[in-house]
Each structure stands twice: as C-alpha cells, then as structure tokens.
Amino acid sequence: MRHQRPLAIAVATLLTLTLTLTTAPTPANAQSAAAPNQVTNLTIRQADGYATLAWQPVDGATDYQIERTAVDATGTPTGAPTIVGIWRPNRQINQQAPTFADAGFNPGDTFQWRVRARAGTTEQPYSDPVVATTTAPWGNPDTPGEQLRTQWETAHAAQYTSDTDEYAYTAAIDALSDRVRVVELGRTVQNRPINMLVIGYPTPATTPEAVAATAPVAINCNVHGNEPGDREACLIMARQLAFSTDPRITDLLSHTTVLIVPTINGDGRANNTRGNSTGQDLNRDYSLIRQPETAAYIKMVRDYRPVAGYDGHEFGNSRAGDLPMLPPRHQNVAQPIFDQSQDMIEGHMYTKGAEAGWWACPYGCEGGGNVGLSEETILRNTLGLKNVANSLLELRSSGGQTRPDEGNTANNRRRKTYSALWTFHQFLDYHRADRNDILTSRAESIEIQAANTGRLVFRGSRPIPAHPAPHPGDSPPPLDAPRADLILDNAPCAYKLTDEQYNGARTDGPAGVGTTVAQRIAAHGWQVIKTNDGYYVPLNQPERGLIPLLLDTQGVEKLTDGERVYPTLTGRRNGPLTVTGFTCAADATINGPVTVQPGAALVATATTISGPVSANRAAGVVLADSTVNGPLQITTTNAISIIDVTIAGPASLTGNTTGTTAALLAGNTIRGPLNCTANSTAPTNLGVANTVHGPRTNQCAAL
C-alpha cells in the first residue's frame, strides 16, 4: 500500500467546500439536561441531495436509528415520522464520531430529524429534534445553463432520463458553456451516439493529444443499461462543472480535463437491459473489444490517455455498504497502479465517507459473495493493465437493512444518484490533491511493464483485506489466487501471428461479424512489427500485462493463439551487429555498433549496446530498460518504441511512417539533442517526460 498522505488529504478537505458540503451544520435546539442514554449534540449539514447527521456517541450503543419527518415552514409535521436509517459501527473507519448521510428526500424540502441509540433491541430516548431545509437542486433557475435540469430531476426521480433527453441536455450544456465540448466516440449497435463531455477551464484543450497533456480523468457512467443511478449523477455533475463559478470547480478544471461518458451502453439503457442489444455484457468485453461500444471506449483511452478513472455500477446485495469500491486487482497490473488505486479508495474515500456519512467499503462487503475477481475483460482491470489508477463504484441497489425507507422507488433512486455524485466529486478532489503521485505511479508502471520482467498471470487477483480490519466491510472480496497452470514464469520476448491470425475475418462481433485482430490491437495502441514471415507483438511495451492475456495459448479469454518468441541474443557479443530478420535481445551486452537492415526488426530489453544504433527502412525498433552508448538514429521505420533507455549521444527520428500508432519516446535519458522530423504520426511520451541534455526540436520539442 502506498504511504498515506495526511497533508494531501488535508488539502483535499480544504478543497471540498462547496457542492458536496454546502450548508453549515444545524444544531439541535437548546433544552434541559439530557436524559440517560439520550443522543446529544445532533447537527445536520446539508449537501447536494443528502444531509449529513452527526452526534455524540452513547456509551453501550450497538446501533442508532435515524428518524425523519416532513414539516412545513413553521416546523409543523406534515407527515408521519419514519425511520430512514440505521447506523452501525461497521459503517465507517472512525466509529468514535458517528455520521449518517440521509438521502431519499426531494431536494429543497424541509424536515425534522431525530436520532436515538439502541442497546441490542432496547431503544433509548430520541435526541432533541433538528429542523432544516435541504439543499435545492444545483443551479439558479433564472441563470442560463444553470437552469438546465435532467428528466430525472424534473420528474423528482419518478423516471430516468431518456436517451433523447440526454442528448438534448448535453447539447444544451455544450452550446451554453465554453468549458464543454461534446464529442462522439462512436455508435452503438443500434446506431445511438456514444457521447463524451470534455470539460476544462476556461476551455477544454482542442485535440486528444492536447487533452492527454492535462492528465485527464475519466468517468464511465452507465455500462450496464439497467444500472442508471451513476448516469444521472454524471449528468448533474456535468452541469455543475460547466457553469459553477465556485473557486473549487474552476481550480479543478484549471489543472485537468474531466472526461464524462454518460452512456456507453445506450441500447441497453433504452431497453433497460444489463447487456447491449446483442446481449453482450459490455463489462466483460473491454479487453476483447468485440462490440462497437467497448471499442469506442478503448480507443478513447488510447487517444485521450486518462490517468485516473471511475466506473459506475449498481450492486444487488441488500446487506452491502452504500458505496462498495474496488481497485484493479489483476496480478498483471503494475504494483504502483494497484497501490495508487488502493490509496484513492482506502486513504481518501473511506476517510471522506466517514466524514460525510456514506458507507464506503470493499466490493462484496457484508456477504458480497464471489465478486470483484480478476477477469481482465472488466473495465477496472483493463484500465489498470493500461496503467490507469481507477476504481469500480457500486451503488447498492436496494435500501437494505440500513436504509429501511427505500421501498419508495423515488427515495431509493435519489440515494443512489446523490451518493454517486458525492463519489465523483471526491474523485476529482483526490486527483487535484494527488496529481503528482498519480503521474509518478503511472510513469513507474509504464517503465515496469516495458521492462518485461516477472511472471505473467492469466487469471488471478490480489487480495483485498478489510480496512482497517474488520471495517468498513466485514467481508472483503474473496481470495482469487492464480492456479499453477495459469502462471507463466518465463515470459517471451514477443508473440508472432500469421497473416490469417492478424488480418483474418472474425465472427465474434454483432450479427456474426467481428473486427480483425489487427483492428483490435490498433484500438489498444500496441506496437506491431511486420516482417516477411509474420506479425510480431513485443512484450516490452507499456501494456505488457494485457498483451499475453489476448495472444497467449494459456489466455482464458483471448483473441488468438500467438506463437511465443523467446530472445535470440543474450549474454556478451563482441563486434558490430547487423540485424536481419527479427532479432530479440534480452540481458545482453553488444560491444559494437548495431545496424538494423531494411525490413528487419530489433527488440531489446535490459541490454547494453556499446556503440551507435541506426535503422533505415526497418520493420521496427523497440528498446526498453537498456543503454545505448552512442547516438540513436531511426529513419523510415514502421514501429518504434523507446522507453527507459539511456542514450549517450544525440537521438533522431526522421521520416518514419508508424500509422495510427505513434512512435513512443518515454522516460529516456538522452545525453545530447533530440530531433524528430517529418514523422507521419508525431512521437509521444505518454505523459512520461524524457530527460534531454540538449535541444529538443521539431516534433519532439515538447517530449
């Protein structure tokens, strides 16, 4: 686990001043001395769609009941008192300061609250009552833009926002706010647009590459069509981000770009089905990308390069917490990304949840069963394998034992949506406070993956303990240790595919028509080296942990059975090296210059080359975790990746044609100038800066 950062958390606390905490606490009316075991010091703090109750704990209490009563402007009850919440010790990590986030009411209405302790089943006296008016929906009804409301809001949660109303709402935000640009990522099987809101201050960057340079965050709001609570939260938050003048919001958007995809599964949402129109569970397709919806999202990740993400769902277990969360657990995820994701959940969300009154816990808490395992096809694991710190978010579908008033459908929907809204705002605060650590974790993970060391696991999860034991979840997700037959200790250098494997027709998509392996690899953004005898996918790339899951014969859910290619050059070699065909070097020392001939390819990892490296009209040059004691010159070459390499001289990339997959220059130390000229796709550093002891010119000026 990464170190906890009290200072960073304190900064995040200072940032969270509006939207999520908007009204000072309302204290109970003064009265005579409290009765024995009576709750005292009850306060109510209003926020977006919920109210945080806090009180002085009672010795010997096993739980607390929260009562809410609708009242008029004079405080006279207009409805029957109702028990709306049960506070239990396992709700939060700080049990000495109980809080409860009461939701499920119509925002803007006025209520009276009381709280009483129970010792077992024995009820103690209620606290003094507190009357307060809840926070109205965000946005001044008389201010253009702010006055926009979703269909869900105008219906008071009686119905969800339709697809056509979503498109009209987001188009209006786009038209009225300079901070927002709505882009279409693709189309669903039934031809519904898959839109993404790109939000920045004062305006968002204009290209995907420019957005990527802002270290963006991404929120995926509705992958399962019958789980729309997060989607409504995303639509409300989009309005807040687009029009709020609050310094917190403008500060956040000045330091990143927020990418919101309200509905990746528009067909499933229109039909209220979990899967898309073909019946495919899209959250079992983010690595395989058989469907147009998942392909659109993965291409977005490739192009916009979010550094952190949240993926919204709903969870049917009535005993679980309000907000079960889970990091990318797959064992091929680099350790720094796993640690950073856990820090976001345990170090931030659990702490802030305890302050606001939401019950955040590990996915599966309170009898969650066989959930949250290692399938690489689910988004949190795919993102982790793509070096994105991220978390799954589950909204408990039913009110359950701790929210007994949610037999009322509208109340249930409000609690889910406003708890998601709270989470997504906290996610932005975490990124703002921990941006540098997130970027460091990402850079470390990219370099770790490119080094191609360590075992490969084809199915298996890291353990997730309760935190702190046994709270806030009594039952953390189950262990999912990899079986021996799903571990590969001797990782290959690359996978070789035949032309039929790479370009052949497939039948695993909608209506029995699938995109080719070539198209899917391009969507993932991997370097592929084409030679006379086939297509090579090197493992010394940033997504090393994902490549074998799709191309190895041991893969559980794979695209094809690629041929493992092992190093052909190891140990010491004296004299010049002329590379013909496909050459893979690992843990090698080459004492002399290296020349990569036309049509040939060099893949080298943990290798020292004592001399210059030159390639002209080569099929590919892929170097990682290596040293070149001389200049590096690559011209008219088709696949290029240089990661964590020390180059003792100038480096030059000229006239290379790499197609849609840009040449990678990331995390290198170049003891001379760096020049990139006339490359058909400008090289990129993936946000991992190079150290260059000389001028950086032309296409590499910003790398």
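Q: Tyr502 and Tyr535, buried or exposed?
A: This is a predicted model, and in it both Tyr502 and Tyr535 are buried.
Q: How many aromatic pairs are there in the whole structure?
A: A search of the whole structure gives 13 aromatic pairs.
Q: Why is the pair of Tyr502 and Tyr535 called stacked?
A: The ring centres of Tyr502 and Tyr535 are 4.0 Å apart and the planes are at 25°. Planes under 30 degrees apart count as stacked, so this pair is stacked.
Q: Which elements do Tyr502 and Tyr535 lie in?
A: Tyr502 is in helix 12 (residues 499–503), and Tyr535 is in strand 22 (residues 534–538). The pair therefore ties together parts that are 33 residues apart in sequence.
Q: Which residues form an aromatic cluster?
A: Trp55, Tyr64 and Trp87 form one.
Q: Switching to helices. At what angle do helix 5 and helix 11 pack?
A: About 55°, with the axes of helix 5 (residues 229–243) and helix 11 (residues 409–450) 8 Å apart. The two helices are therefore oblique to each other.
Q: And which handedness does the crossing of helix 5 and helix 11 have?
A: Helix 5 passes helix 11 in a right-handed crossing.
Q: Which residues meet there, in helix 5 and helix 11?
A: On helix 5 they include Ala233, Ile236, Met237 and Leu241; on helix 11, Leu421, Phe424 and Leu428 are among them.
Q: How many nonpolar, polar and charged residues are in that contact of helix 5 with helix 11?
A: The contact of helix 5 with helix 11 has ten nonpolar, four polar and two charged residues.

Key
Residues are numbered from 1 along each chain as its sequence is written. This is a predicted model: local features need pLDDT of at least 70, side-chain atom pairs count only at pLDDT 80 or more; totals for chains, interfaces and linings use all residues. Side-chain values use heavy atoms; hydrogens and water are left out. Axes are lines fitted to C-alpha atoms, for helices over the stretch in contact, and angles run from 0 to 180 degrees between N-to-C directions. Helices (H or I, at least four residues) and strands (E, at least two) are DSSP runs, numbered from the N terminus. Angles under 35 degrees count as roughly parallel, over 145 as roughly antiparallel, 65 to 115 as roughly perpendicular and the rest as oblique. A crossing is left-handed if the near helix is turned anticlockwise from the far one by less than a right angle, and right-handed if clockwise. Contact means heavy atoms within 4.5 Å. Ala, Val, Leu, Ile, Met, Phe, Trp, Tyr, Cys and Pro count as nonpolar, Asp, Glu, Lys and Arg as charged, and the others, Gly among them, as polar. Rings of Phe, Tyr and Trp (its six-membered ring) pair if their centres lie within 6.5 Å; planes under 30 degrees apart count as stacked, over 60 as edge-to-face and the rest as tilted. Buried means under 20% relative accessible area, exposed over 50%, partly exposed in between (1.4 Å probe, protein chains only).
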